[in-house]
Amino acid sequence: MGVCQNAMFLREYSGSCMDTRTAVEAAGFLLMSIVSIPANLIIICSFLLTADKLLTADTIHCHLALVNLMMAFTRSVPQTLNAFGLRPQLSDVGCKLIFLTFRSSRGLSISFTCLLSTYQAVLVSPATSWLAPLKTKIPQYLLYIIGFLYVLYCTTDISTCIHIVSSFVNNTIPPYTFNLGYCFAPYPSFTAYVGIGLGVMLRDLAFIILMAVMSGYILCLLYQHHKKVKGLRSSERSQPRGRAETRASRAVVTLVVLYVIFFGVDNVIWIYSLTFLRVSPIISNIRVFFSILYSSLCPAVVISTNPKVKARLMRVQVKRTNSSIETVTSQI
């Protein structure tokens, strides 16, 4: 009798733990979707609607917001639906397209953040710096650089999406399979699983290292600037452009730090998963969460620090206030 009661207690306890885990997972992915989609749309609309001609940094911000938006649609939204028990009904082709779009968007998010940090380092560098010639080269060839990055990630990620399926026969998940719950990425062997993952990691790591170096260079320049103007209270008032560049530089460094942290967590989890024959859905979901968390935090940083986005939001708020006042006045 005691054994039966203990067994019933264990089943109830495991069921309650499962419900709690599912609720936390659903809330986490839902929150990211709610934040990421509107925030990235706000950034895109703010730049496209407030300027006749986009500056170099504005163009990079727009493309960064676009790929973050695609990450939200191809990973945050399906994960949210799956967490709520509404499993997306996708075909094998649908799963392949979602995987390809997400992988390409994630890689482009890394490369655009790297491009943004590089361009910001170029902007704040002195005229005698070895980066000075890039002040004219990057704006001149920006569209070619962006086009090359799109082609690079779309072509290199196609091979990793060939074997992706929506389901298996008899619902038997083979070893070395990345399980999202609604789509599956099986690998034929442990060597292929490690080789493909390592190749993607090294490709992204090259951009991570470059953006980290550029961010370190920006921090050094900011520190030197702070030492020069220390004690001169009026220096910032007399140099509004320098103050704006300082704010922009800090925002870019913040984005880089966030990406480096999430990239590190994502790959630590991936290395940890190599110790398992079959990766638990919990581990997969945690890794997915950190791989898309940047797409939610990045627009929040941009909105809170970029003056153009702030100005656009302010104008929208003023229009809403004026329309509300006119409505109340007409009713009176």
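1. Helix H3 covers residues 92–124 (helices are DSSP runs of H or I with at least four residues, numbered from the N terminus). The end C-alpha atoms of H3 lie 48 Å apart, which agrees with the 48 Å that its 33 residues should span at 1.5 Å a residue (the expected span is 1.5 Å times one less than the number of residues).

2. The model is a predicted one: local features need pLDDT of at least 70 and side-chain atom pairs count only at pLDDT 80 or more, while totals for chains, interfaces and linings use all residues. Residues are numbered from 1 along each chain as its sequence is written, and side-chain values use heavy atoms, with hydrogens and water left out.

3. Of the 33 residues of H3, 25 are buried, so this helix is largely enclosed by the rest of the structure (buried means under 20% relative accessible area, exposed over 50%, and partly exposed in between, with a 1.4 Å probe and protein chains only).

4. Which residues does Ser36 touch, leaving aside those up to four places away in sequence? They are Asn68, Ala72, Ser295 and Ser296 (contact means heavy atoms within 4.5 Å). Ser36 belongs to helix H1 and is buried, because its relative accessible area is 0%. Its side chain reaches the backbone oxygen of Ser295 at 3.1 Å.

5. Val35 also has its place in helix H1. Is Val35 buried or partly exposed? Val35 counts as partly exposed because its relative accessibility is 33%.

Key
Helix = DSSP H or I, 4+ residues; strand = E, 2+ residues; numbered from the N terminus. Polar contact = N/O pair within 3.5 Å; in protein donor to acceptor, adjacent residues only side chain to side chain.
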